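Q: I would like to learn how to read side-chain features from a model. Could we go through them one at a time?

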Amino acid sequence: MYKKGIVVKIENEEVTILPFVKDACASCSHNCSEHASCEPYTATNPHSLPIKEGTVVGISAEKKAEATQGIISLLFPFLFAVAGFALSAKIAGFLGMIATEGFKALCTLIFLCASALIVLAVTRIFPLSGQNQIVEVY
């Protein structure tokens with residue numbers, strides 16, 4: 001994730017940033033409806049870059065947080081899909097059916113969708129840790 005934004009407030013270690021809707025927002029001084037609909041968010045300045053209110057900055061997520069998010073959002077559903085395929089014969093036998101290729105594909109798809117819903121629900125209840133960081137000043 002990489003975003004551009006403008007610094008609107010600096011308090012201790014936290015910097016409040018208003019994201020740009022488009023790159024043209026960097027040079028715009030108007031308060032348009034698109035800009036007003038953006039939600040400001042906070043970031044840290046771990047590299048002690050020289051910033052002040054009104055500075056245009058580039059923001060990125062922590063590398064550790066991005067790796068964790070990638071593992072959870074990609075590896076977990078993949079493993080569930082493989083398990084759905086592997087268990088499809090047993091599921092078909094339990095239901096009194098024959099494990100055709102279509103049934104195996106259906107089991108794989110059901111397990112994939114179920115795991116995606118599980119990941120979505122769990123990450124909404126327990127948000128993944130990680131802080132946005134200022135990585136560049138324009």
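Q: How many disulfides does the structure hold?

A: A disulfide is a pair of cysteine sulfur atoms within 2.5 Å, and the structure holds zero of them. Before going further, note that this is a predicted model, in which local features need pLDDT of at least 70 and side-chain atom pairs count only at pLDDT 80 or more, while totals for chains, interfaces and linings use all residues. Residues are numbered from 1 along each chain as its sequence is written, and side-chain values use heavy atoms, with hydrogens and water left out.

Q: Is C107 buried or exposed?

A: Buried means under 20% relative accessible area, exposed means over 50%, and partly exposed lies in between, with a 1.4 Å probe and protein chains only. C107 is buried because its relative accessible area is 5%, whereas C113, at 41%, counts as partly exposed.

Q: How many aromatic pairs does a search of the whole structure find?

A: Rings of Phe, Tyr and Trp (its six-membered ring) pair if their centres lie within 6.5 Å, and planes under 30 degrees apart count as stacked, over 60 as edge-to-face and the rest as tilted. The search of the whole structure finds two such pairs. In one of them, F76 and F80 are tilted, with 4.8 Å from centre to centre and 45° between the planes.

Q: Where do F76 and F80 lie?

A: Helices (H or I, at least four residues) are DSSP runs numbered from the N terminus. Both residues lie in helix α2, residues 63-95, four residues apart, which is about one turn of the helix. F76 is partly exposed because its relative accessibility is 31%, and F80 is partly exposed as well, at 28%.

Q: Which residue forms a tilted aromatic pair with F80 at 6.4 Å centre to centre?

A: That residue is F111, and the angle between the two planes is 45°. F80 lies in helix α2 and F111 in helix α3 (residues 101-125), so the pair ties together parts that are 31 residues apart in sequence.

Q: Over which ring does the charged end of K4 sit?

A: A charge sits over a ring if NZ of Lys or CZ of Arg is within 6 Å of the ring centre and within 35 degrees of the ring normal. The charged end of K4 sits over the ring of Y138, 4.8 Å from its centre.

Conventions:
Helix = DSSP H or I, 4+ residues; strand = E, 2+ residues; numbered from the N terminus.
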